[in-house]
Amino acid sequence: MKIMPDNKDRKLLSYVGFAARSRGVAIGTEQTLIAVRKNPEGVAVTVAKDASDRTKKQLRDKCSFYKAALFEPDVTSEELAKILGKLSVVSAAAITDKNLAKAAKALFSDNEEQ
């Protein structure tokens, strides 16, 4: 698991928030898995650091198989829910808006080059 610096975390989470406000996000593990299956190159998956090991493995395996982008920022499921405007905890979300997903992937690829 690669931990991103705080500024990259904030930027990634701002993309998740923008996607939520524009309704370009799949919220929850099941909806995220469906989004990955439907359009793997057009999504960016975010998983909370306190998600269960089973959930993390499930998302890692699915994203690896479909070659979808997976991010594990330093954010709890409660914080992720707050960003998404939800009252209950959210372990995973997928940005389905193609422009925001592309921006999140570019942020990740910049992190890999450094």
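Modeller: Lys-49 is partly exposed, because its relative accessibility is 41% (buried means under 20% relative accessible area, exposed over 50%, partly exposed in between; 1.4 Å probe, protein chains only). This is a predicted model: local features need pLDDT of at least 70, side-chain atom pairs count only at pLDDT 80 or more, and totals for chains, interfaces and linings use all residues. Residues are numbered from 1 along each chain as its sequence is written, and side-chain values use heavy atoms, with hydrogens and water left out.

Lys-49 pairs with Asp-74 in a salt bridge, 2.8 Å from N to O (a side-chain nitrogen of Lys or Arg within 4 Å of a carboxyl oxygen of Asp or Glu). Lys-49 sits in the loop between S2 and H3 and Asp-74 in the loop between S3 and helix H4, so the pair ties together parts 25 residues apart in sequence. Helices (H or I, at least four residues) and strands (E, at least two) are DSSP runs, numbered from the N terminus.

Now H3 itself, residues 53-66. Thr-55, Lys-56, Leu-59 and Cys-63 are buried there.

Lys-57 bridges to Asp-61 at 2.5 Å between the closest N and O atoms. Both lie in H3, four residues apart. Arg-60 bridges to Glu-72 at 2.9 Å. That pair links distant parts of the chain, 12 residues apart. Glu-72 is buried at 10%; Arg-60 is partly exposed at 34%.

Definitions and conventions
The expected span of a helix is 1.5 Å times one less than its number of residues.
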